[in-house]
Amino acid sequence: MPTEFVAPTKTKAAPGRHGGPGGSAGRSNGDGAWPSRAPASSVPANSAALGMAFALVAIAMLFVAFTTTYLGHRQDVGWKQIPLPWILWLDTGILVASSAAVEWGRRRLRSGDTMGFRRALTTGGGLGVAFLAGQLLAWQQLVRQGVYLSSHPHSSFFYLLTGAHGVHLLGGLVAFAVILPRAWRGTYTPPGSVAVNVTSTYWHFLTGLWLYVFIILFWL
Amino acid sequence: MATATAPATPHEAHAAHPPESFIRHYIFSLDHKMIGKQYYFVTLFMALVGGGLAMLVRAHLAAPEKGILDPGTYLAAATMHGTVMIFFFLTTILTGFFGNFLIPLMIGAGDMAFPFLNMLSFWTFLPSVLILLASFFVPGGPAGNGWTSYAPLSALPQASPGSGLGQTLWLVAIFILMTSSLFGGLNFLTTIINMRARGLSMGRLPLTIWGIFITAILALLSFPVLMSALVMLLLDRTAGTSFFVPAGVLIGGKVVPHAGGEALLWQHLFWFFGHPEVYILILGPMGIVSDVISTFSRKPIFGYTAMVLSMAAIGFLSFLVWGHHMFVSGMNPILGATFTISTMIIAIPSAIKTFNWLTTLWQARIQFSTALLYAVAFVSLFVTGGLSGIFLAASPVDLYFHDTYFVVAHFHFVMASAALFSIFAGTYYWFPKLFGRMMNETLGKIHFVLTFIGIYATFFPMHFLGTHGMSRRLYTPSTYPFLASVQPLDVFISASAFMLGAAQLIFVYNFFASALRGPKAEPNPWHANTLEWTADSPPPHGNWPEPPVVYRWPYDYSVPGAAEDYIPQTVPAAPALAGHAGRAGDGHRGGGS
């Protein structure tokens, strides 16, 4: 009702023939919104971070849907498990190291060490490529053992989840392809840049996502 | 380190607004208003496609024994009618047009947070439209498994003609459309959170923006779930996986080479998306209707906070009710009871909204514009459809009504027609901002009367078909003796549907004729309060020369003591009004006089 944001006077409660007066007083005084709130007319720097956060929510929901379907299938009788390709351990280590390198680089930039930042960012991107190559090797290992996409539900989910993760990782590598040349050209200066921060957020998310996928595929 | 100049962000580059080439202005536009218009034109075209398909379906059902359509074409027409209307018309126009066009204008921003992403959203939407339309021309025709595409029928290309290449293209088209909608959704959320004008707190947002905001959250959480299901179904169809195909499915006496899938999981994933989806189609309209009703009642919206909270409640509950689409799937009766209860609870926020609309209209000096008529009719349709929803929510009753015309009647009222009416209300209301011209009100009222009568005459009798047991996708009602008595009703429905369809041509004519030759609109023809009416009609690129500053909520209509019966959000409280409206920003509440 219009009275709830309104100064609690009796007159407000009686909407007459000419329309209720409700709301005006309370709204005009605002909920303390003006003028304390920062102006939003120019684009605040955190728009990119916010947009990325929403994108991560959507990607997370995609994998929640994949994995709940997977957990549903696991209840089946006659469930078969694919052999764990040993290279996945190495891949896991590579991706965690990549994430650590990116984060270290971001902090180097913040503390003013531009060269350290460039090297760390390049290392992180390189390890990302190595991870993706490692995933392809894992697929190759399985194919050599005769485990294909359509072999049985577990193999289907393995290829599906690693593939979907890989596609998103590829998107991260595209981001690296954009920011790395800029980093070496000196576009990013201390204390940091939105592009670098958003890319590293995405990258850490993908590392976490990989751990989730790895655990749920083989250890749950 | 070389030159350390940060690159100009798109927004900074955008703010200068240099003269634009034709392509930059009309085709690859970054301006949210042009993108909104692009969405409007494409979705309007898709609405005509979807409406034409409905006419085909009705033509067949008026005289099923004549076989105007063959069974495959009939099922494909019904499937594509639903697909086009839900995905490519309602979802897309409500977010793509209303979201893009209105968000910056109503929150006082120059443009969206990510104009490039906005353009990308339209230019990923368009291929999805083309792929869907292309599926009409492939061997076997378009998808024919219903807009829900239940597996395993949709997972096996050999299962039916409607499950051929058309179904694959359907999956691809919807997947691309979902991607496009997600681009839009995260843009909307970021823009609403970050780009509001000075003084425009969330508690002062117009309800239209609240509706779009909650819609975008629902999209962000539910569209990826459908996308996951689409990917798995596509793999089942093309790569031989068995996510949704159980072992031992026989087609033409032959066992298909699939094993280990669960067909029911498709339904779970689809409806986990599907129920939030139907609220995506109704929450935005609820916001639009609230603003239209308040403006033309010349009264503040009744219960602003209750309106926002009930929208949020409906949005939240939408994730807990998907099972009510699956009561006949053999679910545990206790689970069925749970879904019945969670579904029934939605009646509470829905009723709060309905009563608030009625109370806003109560004792108001209503201005009966075409927009208001559509908004009030929205409330009528929403109530009619909502009441039949209570029947369907009760699992024992639904066991009987499931997949009958009762369901068709229900969702055509509560979701399809209601959303359509809000789109009409919104179009008549915001048309001056779209083209700087007014729509013809006389034609608008004729269109309204015919559409309102047409909707009720078409869909209300479907309740009786449903209670009579007529299945919703039935091709041959004439072969069942128990349906012979309701065949005249089918004829009546078809005649009404043709009248309804023909009446829409009035709207199309009015839309284009008014856009080209309508009388010029002043900036604020309806004397409304929200920010878009402080911009020019139509607003220039960048919307305002100076960003507006907001001093009040959007519903200051008929404030006693004010010179006019409306006070735009940008008006600071003048000393003369201080007794009623208080002084903005000085921290103390202006009490009564």
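Helices (H or I, at least four residues) and strands (E, at least two) are DSSP runs. The model discussed here is predicted.

Q: What makes the pattern of chain A α-α-α-α-α-α?
A: Chain A has 6 helices and 0 strands. Read along the sequence, that gives α-α-α-α-α-α.

Q: What share of the 220 residues in chain A is buried?
A: The cut-off is 20 or more other C-beta atoms within 10 Å. Buried residues make up 40% of chain A.

Q: Why is H14(B) called mostly covered?
A: Helix H14 of chain B spans residues 405-435. Of its 31 residues, 31 are buried.

Q: What makes Tyr429(B) stand out in H14(B)?
A: The helix bends there by about 50 degrees. The bend is the angle between axes fitted to the seven residues ending at a residue and the seven starting there. A proline, Pro432(B), follows within four residues. Just after H14(B), Gly436(B) takes a positive phi of about 70 degrees.

Q: Why are H12(B) and H14(B) called roughly antiparallel?
A: Their axes cross at roughly 160 degrees. Angles over 145 count as roughly antiparallel. The two helices are therefore roughly antiparallel to each other. Their axes come within 8 Å, and H12(B) passes H14(B) in a left-handed crossing.

Notes. Residues are numbered from 1 along each chain as its sequence is written. Chains are lettered from A and ligands numbered from 1 in the order in which they are written. This is a predicted model: local features need pLDDT of at least 70, side-chain atom pairs count only at pLDDT 80 or more; totals for chains, interfaces and linings use all residues. A residue is buried if 20 or more other C-beta atoms lie within 10 Å of its own, exposed if 12 or fewer, and partly exposed in between; C-beta atoms are placed from the backbone. Axes are lines fitted to C-alpha atoms, for helices over the stretch in contact, and angles run from 0 to 180 degrees between N-to-C directions. Angles under 35 degrees count as roughly parallel, over 145 as roughly antiparallel, 65 to 115 as roughly perpendicular and the rest as oblique. A crossing is left-handed if the near helix is turned anticlockwise from the far one by less than a right angle, and right-handed if clockwise.
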